[in-house]
Amino acid sequence: MSLYDTDKTQLMLWILDHYDVRYKPNRYSNQKVSCLNRYAHKQGDKNPSASVSLDKGLYYCFACQLSGDGYTILKELEGWNVRQVNEAFGGNPEVIAEGDV
């Protein structure tokens, strides 16, 4: 079992929905989206400056450099650790070693 036990595509879909980011759910390759970190942009990121790859579960903002998978994004924006993500999204929190949280 992996430390990161939650499906990365499903996690990224949840994050996009949670932050009200418009995306094309049937397009799994790279697509342009608004930044999840709107407060880092003077105009609230009216012109999408980020890219998301749903098939890989990866995200990158070309303006503020917020990037990573869902675990990294939730750590940066919400302060969540791996255990909290796994518990919230059905992964197994018991696979995490003491030093990994």
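**View A. Cys 35 is a buried residue, its relative accessible area being 0%.** The view, like those that follow, shows a predicted model, in which local features need pLDDT of at least 70 and side-chain atom pairs count only at pLDDT 80 or more, while totals for chains, interfaces and linings use all residues. Residues are numbered from 1 along each chain as its sequence is written, and side-chain values use heavy atoms, with hydrogens and water left out. Buried stands for under 20% relative accessible area and exposed for over 50%, with partly exposed in between (1.4 Å probe, protein chains only). If a disulfide is taken as a pair of cysteine sulfur atoms within 2.5 Å, the count comes to 0 disulfides. Cys 35 is accordingly in no disulfide, the nearest cysteine sulfur being that of Cys 61, 3.6 Å away. With 23% relative accessibility, Cys 64 counts as partly exposed.

**View B. The chain is built from 3 helices and 4 strands.** Helices (H or I, at least four residues) and strands (E, at least two) are DSSP runs, numbered from the N terminus. Read from that terminus, the order of the elements is α-β-β-β-β-α-α. Of the 101 residues in the chain, 39% are buried. Taking a contact to mean heavy atoms within 4.5 Å, residues 24 or more positions apart account for 44% of the contacts in the chain with a separation of 6 or more.

**View C. The largest nonpolar core has 22 residues.** A nonpolar core is a set of buried Ala, Val, Leu, Ile, Met, Phe, Trp, Tyr and Cys residues joined through side-chain atoms within 4.5 Å. The members that touch the most other members are Ile 15, Leu 16, Val 33, Leu 36, Val 52, Leu 54 and Tyr 59. At least two residues of this core come from each of α1 (8-18), β2 (50-53), β3 (58-61), α2 (70-78) and α3 (82-88), and α1 gives the most, with 5 residues. Leaving aside residues up to four places away in sequence, Tyr 59 touches Met 12, Val 33, Ser 34, Cys 35, Leu 36, Ala 50, Ser 51, Val 52, Leu 66, Ser 67, Gly 68 and Ile 73.

**View D. Helix α1 packs through its buried residues against β2, β3, β4 (67-69), α2 and α3.** Those buried residues are Thr 9, Leu 11, Met 12, Leu 13, Ile 15 and Leu 16. Thr 9 itself is buried, with a relative accessible area of 14%, and it touches Tyr 28, Leu 54 and Asp 55 when residues up to four places away in sequence are not counted. After α1 comes Asp 20, whose phi is positive, near 55°.

**View E. Strand β2 is covered on both faces.** On one side Ala 50 and Val 52 are buried, and on the other Ser 51 and Ser 53 are buried as well. Two strands are said to pair if DSSP finds at least two bridges between them. Strand β1 (residues 30-33) pairs with β2 in the antiparallel sense over 4 bridges, and Gln 31 stands opposite Val 52 in β2. Strands β2 and β3 also run antiparallel, joined by 4 bridges, with Ser 51 opposite Tyr 60 in β3. These two strands form a hairpin with 4 residues between them, and Gly 57 in the turn has a positive phi of about 70°.

**View F. Tyr 60 and Phe 62 in relation to the aromatic pairs.** Rings of Phe, Tyr and Trp (its six-membered ring) pair if their centres lie within 6.5 Å, and planes under 30 degrees apart count as stacked, over 60 as edge-to-face and the rest as tilted. This rule gives a count of 2 aromatic pairs. Tyr 60 and Phe 62 form an edge-to-face pair, 4.8 Å centre to centre with 80° between the planes. Tyr 60 counts as partly exposed at 30% relative accessibility, whereas Phe 62, at 56%, counts as exposed.
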